[in-house]
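Have a look at the model below. Then we can walk through it together, one part at a time.

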Amino acid sequence: MASIEAPARPRSSSAVKRAFERYPFLPALIILVVLIALNGWFQPRSLSLVGVTGLVKTYLALMLLAVAQTYVIYAGDIDLSAGAIVSLVNVVIVGVMAQWGGDGVTIVAALAIGLATGLACGIVNGIVVAALRLQAIVATFATSIFFTGLALYIQPVAGTPAPTAFWRTYGGRILEIPFVFHVVVLFAVLLAILVRTRLSLRLLAVGDGQQESYQSGLPVTAIRMGGYALCGVFAALAAFCITGDTASGDPLVGGKMTLFSIAAVVLGGSALSGGYGTVVGSVIGALIIGFINSLVFFVGTPSEWQNLVQGVAILLALMAGVLVGRRARA
Amino acid sequence: MSRLQLKGVGKSYGATKALRHADLDIEAGEVHVLMGSNGSGKSTLSKIVAGSVRPDTGEILLDGKPVSITGPQAARRLGIAIFYQELSLAAHRTVAENICLADLPSRGVFVDRTALEARAAKYIALFDGVTGDDFSPDAVVQDLRADQRQLVEIMKTLAGEASVLIFDEATSALDRAQVERFFEILRDLKRQGRSIIFISHRMDEIFAIGDRATVIRDGEIVGSRQIAGTTPAEIISMMVGAQEETATVADAAPARPAGPPVLSVRGLTGPGFSDIGFDVRAGEILGFGGLHGQGQSAVLRALFGANSPTAGSVELGGKPLHPKNPRATIRQGVAYVSGDRSRDGVVSGRPILENVMPIHYLRERMMLANPSALAAKALPALQALKTKFAGLGHPISSLSGGNQQKVVIARWLIDRPAVLLLDDPTKGIDLSAKADLFSLIRKLAGEGMGIVLYASEDAELLDNADRILVFNGGAIRRELTGAARTRFNLYQAAYEAA
Amino acid sequence: MSAVTALLRQPLVVALILIAGLLWLGETLSPGFASGQQILRLLIVAALLGIVAAGQNLVILGGREGIDLSVGGVVSLSAIIAGNLMAGDNAGIPLAILACVVAGAFFGLLNGIGVTLLRIPPLVMTLGMLGVLQGLLVVVRQGIPSGRAAPALADFVSRTFLFGLPGILWLWVVIGLVMAFLLNRTVFGHRIYAIGSNEQAAFMAGVPVKAIRIALFVLSGVFAAITGICLLGYSGSSFANVGEQYMLASIIAVVFGGTPLSGGKGGYTGTMAGAFLLVILQSILTTVNIDESGRQMVFGATLLVLMLFYGRGRSMRA
Amino acid sequence: MKKSHILSAVAGVALAFSAVSAFAQDFKIGLSNGWVGSEWRTQMIDEAKAAAEAWKEKGVNVTVEVQSANVDVPGQIAHVRNFISAGVDAIIINPNSPTAFDPVFAQAKEAGILVIATDAEVSSPDALYVGIDQKAWGAAGAEWLAKTLDGKGNVVAINGVAGHPANEMRVAGYREVFAKHPDIKIVNEVNANWDQAQGQQAMQNLLATYPDINGVWVQDGMAAGAWKSIMDAGKTDSIAATGEIRKDFIDLWTKDKLNSGASVNPPGVMASALNVAVLMLQGKELKEPAEAGQYKNAMYLPIPFIDSSNLEEAARQLEGKPGYYSYTSALSIADAEALFK
């Protein structure tokens, strides 16, 4: 009784297909491994402990922001304000730390306020997009302008320093292991926990079809808001890393990261239309962007060509990811 | 006391009254059938009960108490579950996840996978043996066949453990064994005292499972009958109304027109069919029969260029036809009407005029679209089908389903094609529209067009086709001509082992 | 009464009412804002945005999440090519226009091919293309001296050309008429709406879906290139990233004009009003003497409020 | 010629084993520029490259590695990390942020790398600033404007990117000057993001709103845009506005006899920084330690000023250069050596 005209796809048979279906980030992983090898080939020291630590420090924020973006994209939405939230949280926590002094308790309090700020921004986006039903792309662009304005209001000039204790910790070591690696482990645990939550599953279901999910009895508006809230929280975490790495407040620091975070999500094999993807893929996507950027320098690209080569490489990686993923799953 | 009562429930979409002042009682432990042509308001009524459509007027009582159903979630809490005709599945999620989606078993914020699998397994087990190959709890829904998806939607509905269950065309893609199993489950639910609203267009199913039938016409409840005390004929006349007669074409077997074939197919093979060969002569209506989904649609779509055939040859009027895409075949004079008009036919939101013209644009290689010149071409085509519409500039979505389909068909009438491929064209349109359509088809054949008709309703096929090719498993199993075109022969050929 | 509410649902009417309201507000806040000369200047700026938005409008109308984030890059590239080719000389204008249009069409073609033949989602494809264009700008800028607008071009953009209006406004009016004709009176236009509204049905009716979608991206590139040339005339010389501001602004202009991002409905007349609306809003904020932070907050919040008048998604409960 | 080939071959070998710096007179210097939005930056890099080339005559082999791209602050931090990985001797950076590089400069210092910032000051104690005082730069334009207006009148300011440190320092500079002139009223300050078209647009709006403007304080390329609006409005004679230093503008200025004055931020600052860096890498010590500025790590270079008195001279220097070329000046090797013991 095979119904041919139904858009059912042929059953996946081979192990490769199943693997690609289960782990949509495999093409990205392959690209990443190749990039790492090339980096090591052209500049062996880039793969030394110092080199890798530096790379993780630099791109941890983008990884977190890509994950933030992923939760929104799960549900078929998008957040163009993610980078602005990073900037806002960055100036908020630096401001709080500067105001109250830089001791340990204050730092923790500042981080808590930062998380709350990120969460609040996420909820605002959620209200605007899910509850007021504005179109996500333009609405979050509008909120990004608003958040940037708020960041400029809090700190009109880049440059308030973060307390030394804060960035020394971030840049330092605990038990002889660079602090950022501890962060990476915590990050991995957090993602592993989130994958198992109801919210993750429901976000993906909503991404498969809002109307269907609503008719099935899912609280779609609340779920989408949950995605934006989670995005806000992860954007705040990204801001912590940026603050640790830059040791200062800058009301514009995250602006350019938004589009990269979207590119990272797509590189990681998630569908922009929602319903399908992984956070691990987005982390890999962020690393791909990082390795492309450093590789472009290590192969000795003349300075005026660096932006172009990066742009072309990222476009090709995006296309390769989409094409390979589709072919492998087909 | 009634389990569910609707009092004066009404719903309008703009100027269209989808449902007017509907009163309905559903008892505990009954299967209550809703009958009515498409667009009569059955689905609207179901969705109002299930909370996904907001009624304008009226009230709903559950066990005698008025309830406010604020949304699907609220409906579920009140014990109402619904099977949506258009399904409500998450394509990238697994079968098990879909079954439990609305009410995920959880521990704290986490999904309780073990409980989820267990609960899903309970409902999957109900259909043991009829789910088909490759059906498993962790299969991804988008990889499933249409019938399997429909089963998942049924399981999902059952998993609501509701006291009122609504099944809106839940059997359209299922095979006999699946339908029988489903009916066993429904009988079981009935014994448990649950109330079931059952919607289907298949008369035999209605008489097999229903206790009572309520007929809706044009958004109004016409009346209710005990199934035991009524006949299909009575139900149909209630659906159609006294003023309209179902026009049926005379059952005389016409002589096969002479002359060379307009369409000649040899050894056509592609996804879902193999080695198909037949001829259609000018003035002939060739029927495709058999159970649903045996390759009939796939062959028609391949001839039209919508699916690519892998082997075989096709000749149109003696010249080779390469069906590489619809654009190419349309230019050569092939026409195709799909039963799935919302997917393949209607450009929703656009004016009727724009919906009639695309074929003319292509055939005439037009660049400019002058509305008054176009209207002169469009109006006769629409009138030939007795299409009811307020103006050519009105959006097609303002029309009823049957009239939308007439607009889609009308687009082929401006420049006459040599061959008309009809792929279950009457799916979901009402009886009078059907009659208009078939009388037109007969007329077109009389004017020398070659017509291939696939109809999922056997009566349509037997009444209208001059010759019937019966499909099974992607191949033509038998040809019925002349007096051999009987329901008995059709069934026999359809169920023959492949 | 219902006729009035129906009228108020028309995006164009909404935009015009909002324009009038904002002009009144601007005049109240800083007298002279709504003077004829000032409105004319705002219209020139709006024309620049409106011409990019024409291409954006087409891509969005074509549906399937159509969007072109690369327009900003094309605008910049075109301004630079034009500046270098005319180098302050009227004789260079024809060649410059030709080169810019070819370049715009070329990058639009690449976008179109990526989106249709390789089936890369438009947002991703054009975002990647934006990165490439930004890189290309750096290369072009570093190698070749950047040029200057030809005097005739500068005059065309900002000096009176005909009946008291500068040439660019006439150009905009012509583009508006051409777009209206294209969308309503040509087969191509009907096909754009058809693929935007129901791509599968359009395909089954013999519409060359891929070719049309590619054409839309090409047109978007061409309109962006024309904007780049006009922008050069407006500012006199070309410089990198000059077009960046048009990327999201063009999308907002389209949305304010009543074309939803889902495509298949809407038109360009609204977009023209939308572009003017956005420019007035930005202009009011520039003239009001508040901090940049305040300006941005007010701007963001106002955009959100204005969006409430348009394109709200349907309620899931019918 | 042949010698330099051998030298560069040696440098290549040295590069390969750069962990062990074999020759004291072989220096590898990384140049980082985080924004390529203007010709000024391009000229800055080109002049720095030329300055490195000039050291060859002195028998010092200076190789430069350039990372010049549009990046955000994290992207430029990545530049520095790439330089650390590549094992350079010194890093000269035109930084996108004053404070954000503290941690990464600390790492560079740990790796034994000399860090010099130019064009914009940095707060890091591990780096040195060689460049102009942006506040003084802003003040210079304001002084000229105040003098030209005889200490009274309505002034508007068109600024760069809000929140950008160089912009804010310049703003502080002009505000301080105008505050000393009670009859000068700043009627509005707007941001046009160092974008010529936006500068033009902002000026248009301002002219429409404030018909009685006497002076405009505007920076860099936006000045050309602002002047265009002033000229379009036919107010060339009644308004004094600061100008900029590209040849195009200088020519226009000369031709139309604009009432303008421009403080010069020469693109040669990076070349100056490079000369200082090489001398420091050679182990020389500064006569006066660099302790100027708010971060106590700055070495300020002189700020030339162009007004009607020396316009011709500036025009002469730019003769034959392309239109985008900026008036420049830099410390020569000899000038730099004079600063050292």
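## Before you start

This is a predicted model, in which local features need pLDDT of at least 70 and side-chain atom pairs count only at pLDDT 80 or more, while totals for chains, interfaces and linings use all residues. Residues are numbered from 1 along each chain as its sequence is written, chains are lettered from A and ligands numbered from 1 in the order in which they are written, and side-chain values use heavy atoms, with hydrogens and water left out.

## The sheet in chain B

Let's begin with chain B, where 6 strands make an open sheet in the order β18-β19-β20-β15-β21-β22, with mixed pairing. Helices (H or I, at least four residues) and strands (E, at least two) are DSSP runs, numbered from the N terminus, and two strands pair if DSSP finds at least two bridges between them. At the edges sit β18 (334-338) and β22 (475-481) of chain B, each pairing on one side only. From one strand to the next, the twist averages 20°; axes here are lines fitted to C-alpha atoms, for helices over the stretch in contact, and angles run from 0 to 180 degrees between N-to-C directions.

Zoom in on β19 (residues 419-423) and β20 (residues 450-454) of chain B: these strands run parallel and are joined by 5 bridges. One to look for pairs Leu420(B) with Ile451(B) in β20(B). Two helices pack on the sheet as well. Helix α9 (residues 296-304) of chain B touches β15 (285-289), β18, β19, β20 and β21 (467-472) of chain B, and its direction makes about 145° with that of β19(B). Helix α16 (residues 431-446) of chain B touches β15, β19 and β20 of chain B, at about 150° to the direction of β20(B). Touching, or contact, means heavy atoms within 4.5 Å.

## Where A meets C

Chain A puts in 44 residues and chain C 45 residues. Together they bury about 3900 Å², with carbon and sulfur atoms giving 78% of that area. Buried area is the accessible area (1.4 Å probe) that two parts lose on being put together, summed over both. Arg133(A), Gln135(A) and Val138(A) supply 16% of what chain A buries against chain C, more than any other three residues.

The rule finds 0 salt bridges between chain A and chain C (a side-chain nitrogen of Lys or Arg within 4 Å of a carboxyl oxygen of Asp or Glu). It also finds 1 residue pair in polar contact, both at pLDDT 80 or more. A polar contact is a pair of N or O atoms within 3.5 Å; within protein, one must be able to donate a hydrogen and the other to accept it, and residues adjacent in sequence count only if both atoms are side-chain atoms. On the chain A side, α6(A) gives the most, with 13 residues.

## Where C meets B

Here chain C gives 25 residues and chain B gives 38 residues. The two chains bury about 2400 Å², 55% of it on carbon and sulfur atoms. Salt bridges number 0 between chain C and chain B, while 10 residue pairs are in polar contact, both at pLDDT 80 or more. On the chain C side, α9(C) brings the largest share, 7 residues.

## A pair that stays apart

Chain B and chain D have no contact, and their closest C-alpha atoms lie 35 Å apart.
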